[in-house]
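Here are a few notes on the pockets and the core, as promised. Have the model open while you read.

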Amino acid sequence: AKKHFDLVADEAYLSNTLTVIKKPENVDIADLNKKLAEMGLTIAPGYGKLKNSSFRISHMGDYTMEDMKLVTSAIEKVLGL
């Protein structure tokens, strides 16, 4: 995520289970999620006061690094990064 976006949390407090990414102004989260859903993937919008300014990628449970690479490469493809 840090390759293309700013993160919400300070690096000293990053979570092992969730990454919250600052939404670039030109990105519509609902549209991004719709296109990701066509690929069988989903991300979550921000929560609370961050709802409209961020999105979240979960990496808890049985997700593998391969799963994470699939999600991040799909986001790069959709956004043309």
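1. First, a term: helices here are DSSP runs of H or I with at least four residues, numbered from the N terminus. With that in hand, helix 2 is the top contributor to the lining of the second largest pocket, giving four residues. Keep in mind that this is a predicted model.

2. Staying with that second largest pocket: it holds about 200 Å³ of space. Its lining runs to 13 residues, and Thr42, Ile43, Ser58, Tyr63 and Val71 sit nearest the centre. Strand 3 (54-58) and helix 2 are the elements that put two or more residues into this lining. Sorted by class, you get nine nonpolar, two polar and two charged residues.

3. Now the largest pocket, with a volume of about 330 Å³. Here 13 residues make up the lining, with Ala1, Thr19, His59, Met68 and Thr72 nearest the centre. Helix 2 (residues 65-79) again has the largest share, five residues.

4. What about the largest nonpolar core? It has 15 residues, and those touching the most other members are Ile21, Leu36, Ile43, Phe55, Ile57, Val71 and Ile75. Helix 1 (29-37), strand 3 and helix 2 each bring at least two residues to this core, and helix 2 supplies the largest share with four.

5. Which residues does Val71 touch, leaving out those up to four places away in sequence? They are Leu41, Ile43 and Ile57. Val71 is worth a look in your viewer, being listed both among the residues nearest the centre of the second largest pocket and among the core members with the most contacts to other members.

Key: Residues numbered from 1 in each chain as written. Predicted model: local features only at pLDDT ≥ 70, side-chain atom pairs only at ≥ 80, totals over all residues. Heavy atoms only, no water. 1 Å grid on protein atoms, 1.4 Å probe; cavity = no way out; pocket = protein on both sides within 12 Å on 5 of 7 lines; lining within 4 Å. Points joined across faces, edges and corners; volume = space filled by probe spheres on them. Nonpolar A, V, L, I, M, F, W, Y, C, P; charged D, E, K, R; others polar. Core = buried A, V, L, I, M, F, W, Y, C linked by side-chain atoms within 4.5 Å. Buried < 20%, exposed > 50% of the residue type's maximum accessible area, 1.4 Å probe, protein only. Contact = heavy atoms within 4.5 Å.
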